[in-house]
Amino acid sequence: MTERGGATHSKMEVKTSLLDNMIGVGDMVLLEPLNENSFIENLRKRFDHNEIYTYIGSVVISMNPYRSLPIFTPEKVEEYRNRNFYELSPHIYALADEAYRSLRDQDKDQCILITGESGAGKTEASKLVMSYVAAVCGKGQEVNKVKEQLLQSNPVLEAFGNAKTVRNDNSSRFGKYMDIEFDFKGDPLGGVISNYLLEKSRVCKQPRGERNFHIFYQLLSGASNDTLTKLKLDRDFSKYNYLSLDSATVNGLDDAASFRTVWNAMQIVGFMEDEVQSVLELVAAVLKLGNIEFKPESRVNGFDESRVKDKNDLKEMCELLGIEQSVLERAFSYRTVEAKMEKVSTTLNVAQAYYARDALAKNLYSRLFSWLVTRINESIKAQAKTRHKVMGVLDIYGFEIFEDNSFEQFIINYCNEKLQQIFIELTLREEQEEYIREGIEWTNIEYFNNAIICDLIENNQNGILAMLDEECLRPGTVTDDTFLDKLNTICAEHQHFESRLSKNSKFLTDHSLPHSCFRIQHYAGKVLYRVEGFVDKNNDLLYRDLSQAMYKATHSLMKQLFPEGNPAKVNLKRPPTAGFQFKASVGGLMRNLQTKNPNYIRCIKPNDKKAAHIFTESLVCHQVRYLGLMENVRVRRAGYAFRQSYESSLERYKMLCKQTWPHWRGAARDGVEVLLTDCSVPAEEFAYGRSKIFIRNPRTLFTLEERRRACLEDLATLIQKIYRGWRCRTQFLLLKKSQVVVAAWYRRYAQQKKYQKIKSATLVMQSFIRGWKARKILRQLKYEKRCKEAVTTIAAYWHGTQVRREYRKFFRANAGKKIYNFTIQRIMQKYFLGLKTTMPSMSPIDNTWPARPYMFLEGAHSELRRIFHFWRCKKYQGQFTEEKKAVYEEKLEASEIFKDKKALYPSSVSQPFKGDYLEIQKNPKYQKLNSAVEDKVLLADVVNKINRANGKGAPRLFLLTKNNFVLADQKTGQVKASVPLPDLTSVSVSTQSDGFFALKLKEGSASAAKGDFLLSSEHLIELITKLHRTGATAADRDQINIDISDEFLVQFNQDKVCVKFIQGGPKNGNSAACKRKNNRLLEVSVPSSP
Ligand SMILES: Nc1ncnc2c1ncn2[C@@H]1O[C@H](COP(=O)(O)OP(=O)(O)O)[C@@H](O)[C@H]1O
Ligand SMILES: [Mg+2]
């Protein structure tokens, strides 16, 4: 339990303990309260949870699970590798590791003692230990080969030495002790296997429900046809007497496959091809031997002599072994007894022959088995001669109680008894030694010591084995009964021996004790042995004739197997008895074991059905009892229930005390002392050893554990708290950091944005201002420039003008113009001067005008003509008086009214308008008339008034004044009608050359009462013109309308009469004639003009 490991432990490792996650208690020592029930209950609880391993201190209790559990994986191997024994939950690997490391590191030879009844799992346990050691020890080509050979020796030995029994389908029928040898580094070098007493009786006879050794079945079902014919064998099991048929095939066992495995294993271990062949030949020979049968043949002397019945099997067997058939045949019929130089030959009866046959078969097989072991040892033997470290693994047949228990069971149980003995001795001694080593006071503890039973069996004087030998060697008739008698006399008083007789002597009757039986109260229970066969089996007699016959065989192995058959070495001394041999080898084994550090694995069988999950309490209880496990626990707890090195216990409990937590700086022992005092553990509850603390009561330990658990929870919370705090803090810091970064970036970004905005705004403003300034300056500059330019221009122009003015006269360009002007002037001059001479007359009607001399004078010429004309007219007009002027005006007006409208007009032009044709002023005739007329008479003439009725004209005087016209009688000058001019609306005349005219009056006026006037005059043109002129000036009204047409209406009284002018031939001279046609029409015919 000391800390070891160093370098391999350098990686971070969580310290675990056996005490962690316990189901029940992992170490029985800690069981509280301790009694058988709680013990079994703990086992059951753990078994139910697949925890098949439980400790008692350093002893491992192993429950057979009868099914494969996932706890033997390479990962598990790694888990247990280099870990302290109590660090992890109980496991066989922990024990193997502990043993291996003690061997390697502390140079202590180890032995692993595996005990338990048949089928409890011993062989499996031994294999697990070996495989673990193989897995953890060194590697390398050579090492691996050795490992492989060591491991592969198992299948070979199991094939030949194991058989199906009622207890176990793969029961080891021999005891096996294997020494594995290691070098100083812990690498395996090789091994030595010792075998103990093969149960050879099985070769010939098997109990019900059991089988012969596996190899027979494997050979028959797995070998090729070729091999079988070579071996002269038949596949059919039923052909062979030695093979039990009722359980020839076993569930879960594949014999054929196993045969191949064995074959392979033999190759790996190093068997030569021919060696394998030889071995199989011997196996075949045994089968053949079983088939040899005998029949009696009467002899003259009255005895029956045995003869071989069917010689075929004998023949084949002899062929297989290379024996002369006759020799063997004879050996089955005769027996030679040599005594004192004399050879006496006696015949064998049939029973003896069978006995001899079976003895031969058994010997043949068991010697073959021993040879196999020797051969394997040869292969796996360590090569180097250096000192080895040794780890012994003992897998011996377990304690057996059958219905019929015979010599074999006796031997087997004796062996177990011895193992129990050594267990007791070593455990107790170990315990005691530890106390002494640690300087703790040792108080003795009561336990059952089976030394007394061992003594009963092996005592040299009166032990059962000694007596059996004595019987066997005694001359005279020796039977099993005489042996029992002897026991009865010698052992009767022994408290562990019972027989019917010994009981009787005590006046006790026990009907469970039949005759010819004795009972031994073994440590593991009472076993009833049937004495039948004890003597024979102990003698293990093989007739010399047979061994000699075997020796003579040509088969390669036979001489080795039967060395006593050598005629040259006839030894008359009896061979040692089986019991004696066994006792000797067990003795040797025990001595061997005692020199080594023991490690115990105590196998327990949970049920009798080879079934998983079944826990038969009574069965387990029985085993617990006889294995002395309770005592084991008690012894272990006698002083102190629990011990632990100071370092590891300080490590485990340091959190219970302030001073030791989290680190104890001083020595571990002081730390533990401080710790325990602080925890106020009563002083009697613990003791301080040299390197370990011893705790007396498991309860104390549990209290510590409980407090530790509570403390761990607090610590876990604390760690959790701190971790969470740390995590949150880191998280927070991270967040904070990130936030700062984000904020910084954001601020930067925002500022950048802002800056850019301001910058661009500034730029805009700047540009505007600059633009404005620039424009202002530009404007200024432009203005200045324009001013300058203007000045320049003005100056230039001015200068130009000046210069031009100054220099014009000098310019030739002006010459043309001057000449031209001059010429024009001359031409004009000439023209005007010429015109003076050629001027036309001053008459306004003179149309002549000199021709123009030049085209270009056209405008001026015609203008001059016009001016001249006007000037002439002016001159002309200047000559007229006012009267003349009025005459011409009237003439002009007449022209305007009539020109081209009335045919009469042209003739009037040359007539001057006299006006007063009557000379009214002067003529006194018209005095009265004249006076009647207030105003000046503008016209006075004689007109014809046309009669309205007939159209005949009557002369009338027509006077026109400024305001009215007057019609007066020509003769009288009486005014007939005076019509104010405003009452005259219009005047109608014809187009022709007549002098008719109609004066139309305003309707409704006073003048119009008599209707319109139709008149004719000589001076029509003048009359009408004057009327028109006066009407126009007199009344403040439009001029009198002058209607010129050849047809017009005239209002006569109430009637409107149409006056129509026609062109007619001249009737009355030149004057026109008027004629009333009808009421409505007045026709005027006018002579056509010449
Ligand atoms: N650790 C184990 N895991 C699984 N099965 C086991 C184990 N130990 C034993 N067994 C089963 O029990 C049977 C008997 O075991 P074995 O070791 O041959 O018993 P023993 O040697 O004690 O007579 C094995 O054949 C196997 O089926
Ligand atoms: Mg076994």
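## Exercises on a predicted chain and its ligand

In this model, an N or O atom in the side chain of Asn168 lies 2.8 Å from an oxygen atom of ligand 1. The model is predicted, so local features need pLDDT of at least 70 and side-chain atom pairs pLDDT 80 or more, while totals for chains, interfaces and linings use all residues. Residues are numbered from 1 along each chain as its sequence is written, chains are lettered from A and ligands numbered from 1 in the order in which they are written, and side-chain values use heavy atoms, leaving out hydrogens and water.

**Exercise 1.** Find how much of the accessible area of ligand 1 the protein covers, and describe the residues that surround the ligand.

*Solution.* 
- Step 1: Ligand 1 has 550 Å² of accessible area on its own, and the protein covers 84% of it (Shrake-Rupley method, 1.4 Å probe; for residues, only the protein chains shown count as cover).
- Step 2: The ligand is surrounded by 15 residues, the closest being Asn64, Gly119, Lys122, Thr123 and Asn168 (a heavy atom within 4 Å).
- Step 3: Sorted by type, the shell holds four nonpolar, seven polar and four charged residues. Here Ala, Val, Leu, Ile, Met, Phe, Trp, Tyr, Cys and Pro are nonpolar, Asp, Glu, Lys and Arg charged, and the others, including Gly, polar.
- Step 4: Now look at the backbone: an N or O atom of Gly119 is 2.6 Å from a ligand oxygen, and a polar backbone atom of Ala120 is 3.2 Å from an oxygen of ligand 1.

**Exercise 2.** Is Thr577 buried or exposed, and which residues does Thr577 touch?

*Solution.* 
- Step 1: Thr577 is buried because its relative accessible area is 4%; buried means under 20%, exposed over 50%, partly exposed in between, with a 1.4 Å probe and protein chains only.
- Step 2: Leaving out residues up to four places away in sequence, Thr577 touches Asp469, Cys472, Asn538 and Asn539 (heavy atoms within 4.5 Å).
- Step 3: With Asp469, the side chain of Thr577 also makes a polar contact of 2.5 Å. Such a contact is a pair of N or O atoms within 3.5 Å; within protein, one must be able to donate a hydrogen and the other to accept it, and residues adjacent in sequence count only if both atoms are side-chain atoms.

**Exercise 3.** What does the C-alpha trace of the chain span along its principal axes?

*Solution.* 
- Step 1: The spans are about 255 × 80 × 75 Å.
- Step 2: For secondary structure, count 33 helices and 31 strands.
- Step 3: Of the 1090 residues, 48% count as buried.

Definitions and conventions. Helices (H or I, at least four residues) and strands (E, at least two) are DSSP runs, numbered from the N terminus.
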